[in-house]
Amino acid sequence: MHIVLQLIPKKYLIGGTLILLGLSGLLIMSTIVAITGEFEKDSQQSEVTEIEGGGIGVGTANVSPEVMKYQPLLEKYAQKHGLDASYVPIMMALMMQESGGRGNDPMQSSESFCGSVGCISSPELSVDKGVLHFKSVLEKAHYDLKLCLQSYNFGGGFINYVMKNGGEYTPELAISFSQLQYQKVKHTGKYHCVRPEMVPYSACYGDALYVNAVLKYYTGTITADGKPAAPASGGSGGKSGVKVIDAGKTLIGKTRYVFGGGRSQSDINAGRFDCSSFVRWAFEQVGMNVGPMSGVTTDTLKTQGQAINPKDIKPGDVVFFDTYKIDGHVGIYVGNNQFLGCQGKTGVAIASMAKGTYFGERFNGRVKRL
């Protein structure tokens, strides 16, 4: 090697060394630029961080945090099994009644899946099989949602019983079915009344009041065909939408973004909001209750209202953005590719969602009319 170096003219050796040093410098500089870009990207996204989930139903599930965490899985398996996502809040209410979101079988799917209690030990498998069973029962009940819910508790035999006795769920049919079934099994000693008020009726098979028990965790209406109903009025996209925008604009320049802010009256008085608490506040000003002050999130907002095609968007509609995660930010559309929201650096302000802008590139097409 030493001999080879002696044969190469010194000027070429110096030139080669300089070229290598230059290439090394370029490599180091590009690495620094890439790292800086990632930091800048992360800082942009952190401005609108919120802890929220998914769901595009037309009702609201008023459930515990333990149940709320299963919303993304319920959406995932609703899509997998071809079930309309408007049923997700209903299934969340059902899970709340079944388990409160606790345990390894939160939807109590074991019996429908394998015929015995306790065979499911994976929460995700419970949701998968629970959604599949819910859809199956719903179809057999001809989309009579109350019949579906009661049959989830009683079993498929209740559907046959109802079809022979008018074809439509009634509380009276639930009680009479419970009475009949209890007479068949009471000798086993394994059954007792879960509700004291059913003791005088000897309606101790299952829970004859299961429908009301589930629906107390659900806010929304149900149409004649058993499906959760969209708002009957023009909703936030009508005249009330303009009023929501006007109400929200009164906070421009008077607030600051605080993660988790806006969930107490003292926060509101001090002008501390995050994106979802601001949206809740704005709708409250026009007489629309879209969730409790202490519990509203993008999670809960996206389960409400009517899903709207972005082509039909109107002022007052609620829009969602994928920031640090899917649906990480929410605001109120004001028109002309702009929305009103509470953002990290500005507090409540109007921001652009036009193509090429930060939010324009993150608008995910989800539009809800409350």
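Student: Is Leu 83 buried or exposed?
Tutor: Leu 83 is buried, with a relative accessible area of 8%, where buried means under 20% relative accessible area, exposed over 50% and partly exposed in between, using a 1.4 Å probe and protein chains only. This is a predicted model, in which local features need pLDDT of at least 70 and side-chain atom pairs count only at pLDDT 80 or more, while totals for chains, interfaces and linings use all residues. Residues are numbered from 1 along each chain as its sequence is written, and side-chain values use heavy atoms, with hydrogens and water left out.

Student: Where does Leu 83 lie, and which residues does Leu 83 touch?
Tutor: Leu 83 lies in the loop between H4 and H5; helices (H or I, at least four residues) and strands (E, at least two) are DSSP runs, numbered from the N terminus. Not counting residues up to four places away in sequence, Leu 83 touches Ala 78, Met 91, Val 131, Phe 134, Lys 135 and Leu 138, with contact meaning heavy atoms within 4.5 Å.

Student: How many residues apart in sequence are Leu 83 and Phe 134?
Tutor: Leu 83 and Phe 134 are 51 residues apart in sequence, and from C-alpha to C-alpha they are 9.2 Å apart in space.

Student: What else is Phe 134 in contact with?
Tutor: Leaving aside its neighbours within four places in sequence, the contacts of Phe 134 include Tyr 87, Ile 90, Met 91 and Leu 94, and also Leu 145, Cys 148, Leu 149 and Tyr 152.

Student: Which residues have the most contacts inside the largest nonpolar core?
Tutor: They are Leu 74, Phe 134 and Phe 158, in a core of 55 residues. A nonpolar core is a set of buried Ala, Val, Leu, Ile, Met, Phe, Trp, Tyr and Cys residues joined through side-chain atoms within 4.5 Å. Among the elements that give two or more residues to this core are helix H5 (88–98), helix H7 (123–140) and helix H8 (145–154), and H5 gives the most, with eight residues. There is also a second, separate core of 24 residues, which includes Phe 273, Ile 332, Cys 342 and Leu 370.

Student: Why would side chains like these be buried together?
Tutor: In soluble globular proteins, nonpolar side chains tend to be buried together.

Student: OK, helices now: at what angle do the axes of H7 and H8 cross?
Tutor: The axes of H7 and H8 cross at roughly 130° and come within 9 Å; axes are lines fitted to C-alpha atoms, for helices over the stretch in contact, and angles run from 0 to 180 degrees between N-to-C directions. That makes H7 oblique to H8, because angles under 35 degrees count as roughly parallel, over 145 as roughly antiparallel, 65 to 115 as roughly perpendicular and the rest as oblique.

Student: Which residues meet there?
Tutor: From H7, Gly 130, His 133, Phe 134, Val 137 and Leu 138 meet Leu 145, Cys 148, Leu 149, Ser 151 and Tyr 152 in H8.

Student: And how do H5 and H8 pack?
Tutor: H5 and H8 pack at an angle of about 30°, with their axes 12 Å apart, and the two helices are therefore roughly parallel to each other. The contact is made by Ile 90, Leu 94 and Glu 98 of H5 together with Leu 145, Leu 149 and Tyr 152 of H8.

Student: How many residues of H8 are buried, and what covers them?
Tutor: Eight of the 10 residues of H8 are buried, among them Leu 147, Gln 150 and Phe 154. What covers the buried residues includes H5, H7, H9, H10 and H11. Next after H8 comes Gly 155, whose phi is positive, near 105°.

Student: Which loop holds His 142, and what is the phi of His 142?
Tutor: His 142 lies in the loop between H7 and H8, and its phi is near 55°, a positive value in a residue other than glycine. Most residues other than glycine have a negative phi. With 59% relative accessibility, His 142 counts as exposed.

Student: What about Asp 327: buried or exposed?
Tutor: Asp 327 is buried, at 0% relative accessible area. Its phi is also positive, near 55°, and Asp 327 is found in the loop between strand E6 (318–321) and strand E7 (329–335).

Student: Zooming out, how many helices and strands does the chain have?
Tutor: The chain has 15 helices and 10 strands, and 46% of its 370 residues count as buried.
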